[in-house]
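Visitor: I have a structure open and would like to go through it piece by piece. Can we start with the terms?

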Amino acid sequence: YVRFHLISPLIQQSAENIVLFDTFVNILSHNLGEPAYEADVAQLEYKLVAGEYGLVIRVKGFNHKLPLLFQLIIDYLTDFSFTPAVFEMITEQLKKTYFNILIKPETLAKDVRLLILEHGRWSMIDKYQTLMNGLSIESLSDFVRAFKSQLFVEGLVQGNFTS
């Protein structure tokens, strides 16, 4: 089991940054779909989660091939690229996701409660409005470049691994 948390102070600076981060993680997951398929068939699992303060990478499975899967994820993160068509597809999916959160009373109530309790939190309404106002491909590229330059890493490795 390998878990790394890539933390960046950049994410929580604005609602736009949060939306750009969500877009980035979704495009990264989309890009990994085909190359990581063989790892899935070999019973290796991975998950990319857009956390509140950074990207959580979780990988688990048989230890002898796990580093290769982890290296694949890091390579795709390092050499992040996307096409305008993928960008449009992911932003449309995010619009639907955010909207579905807003129309459910229990999730909206949870979001409002957390907005009251947590200092510096951005509401789902702020994120949805930012996305509806439109994001540019250039803003995503600039965000990803800045995100990768301001990272702090925490990691946990459990199982049959050597140092």
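Guide: Helices here are DSSP runs of H or I with at least four residues, numbered from the N terminus. By that numbering, Val112 lies in helix 5. Note that this is a predicted model.

Visitor: Is Val112 buried, exposed or partly exposed, and what is its relative accessibility?

Guide: Val112 has 40% relative accessibility, so it counts as partly exposed. Together with Ile116 and Leu117, Val112 forms a nonpolar patch on the surface. The accessible area of these three residues together is about 330 Å².

Visitor: Next, helix 6. Which of its residues are buried?

Guide: Helix 6 covers residues 124-133, and Met124, Lys127, Tyr128, Thr130 and Leu131 are buried there. They cover an arc of only 160° around the axis, which puts them on the same side of helix 6.

Visitor: What do the buried residues of helix 6 pack against?

Guide: They pack against helix 1 (15-32), helix 4 (84-103) and helix 5 (105-117).

Visitor: Take Thr130. Which residues does it touch?

Guide: Leaving aside residues up to four places away in sequence, Thr130 touches Ala15, Glu16, Val19 and Leu135. Thr130 has 17% relative accessibility. The cut-off for buried is under 20%, so Thr130 counts as buried.

Visitor: What comes just after helix 6?

Guide: Gly134, which takes a positive phi of about 105°.

Visitor: And which residue other than glycine has a positive phi?

Guide: Gln43 is one of them, with phi near 65°. Gln43 sits in the loop between helix 2 (37-41) and strand 2 (45-50). At 55% relative accessibility, Gln43 counts as exposed.

Visitor: Change of topic. How many aromatic pairs are there?

Guide: A search of the whole structure finds nine aromatic pairs. One of them is Phe21 with Phe24, a tilted pair with 6.4 Å centre to centre and 45° between the planes.

Visitor: Where do Phe21 and Phe24 lie?

Guide: Both are in helix 1, three residues apart, about one turn of the helix. An α-helix has 3.6 residues a turn, so residues three or four places apart point the same way. Phe21 is buried at a relative accessible area of 1%, and Phe24 is buried at 0%. The rings of Phe99 and Tyr128 also make a tilted pair, with centres 6.1 Å apart and planes at 40°. That pair links distant parts of the chain, since Phe99 is in helix 4 and Tyr128 in helix 6, 29 residues apart.

Visitor: Which residues form the aromatic cluster?

Guide: Phe21, Phe24, Phe80, Phe82, Phe87, Phe143 and Phe147 form one cluster.

Visitor: Now charges. How many salt bridges does the structure hold?

Guide: There are six salt bridges. Among them is Lys95 with Glu92, at 3.2 Å from N to O. Lys95 and Glu92 both lie in helix 4, three residues apart. Another joins Arg145 and Asp142, at 3.0 Å from N to O.

Visitor: What about Arg121? What does it form a salt bridge with?

Guide: Arg121 forms one with Asp111, and their closest N and O atoms are 3.9 Å apart. Arg121 is in the loop between helix 5 and helix 6 and Asp111 is in helix 5, so the pair ties together parts 10 residues apart in sequence. Asp111 is buried, with a relative accessible area of 7%, whereas Arg121 is partly exposed at 22%.

Visitor: Which residues are linked with them in a network?

Guide: The network of salt bridges links Glu52, Asp111, Glu118 and Arg121.

Methods:
Residues are numbered from 1 along each chain as its sequence is written. This is a predicted model: local features need pLDDT of at least 70, side-chain atom pairs count only at pLDDT 80 or more; totals for chains, interfaces and linings use all residues. Side-chain values use heavy atoms; hydrogens and water are left out. Buried means under 20% relative accessible area, exposed over 50%, partly exposed in between (1.4 Å probe, protein chains only). Helices (H or I, at least four residues) and strands (E, at least two) are DSSP runs, numbered from the N terminus. The arc is that of the directions from the helix axis to the C-beta atoms. Contact means heavy atoms within 4.5 Å. Patches are made of residues with over 30% relative accessible area and no salt bridge: like charges are joined within 9 Å, nonpolar side chains (Val, Leu, Ile, Met, Phe, Trp, Tyr) within 5 Å. Accessible areas come from the Shrake-Rupley method with a 1.4 Å probe; for residues, only the protein chains shown count as cover. A salt bridge is a side-chain nitrogen of Lys or Arg within 4 Å of a carboxyl oxygen of Asp or Glu. Rings of Phe, Tyr and Trp (its six-membered ring) pair if their centres lie within 6.5 Å; planes under 30 degrees apart count as stacked, over 60 as edge-to-face and the rest as tilted.
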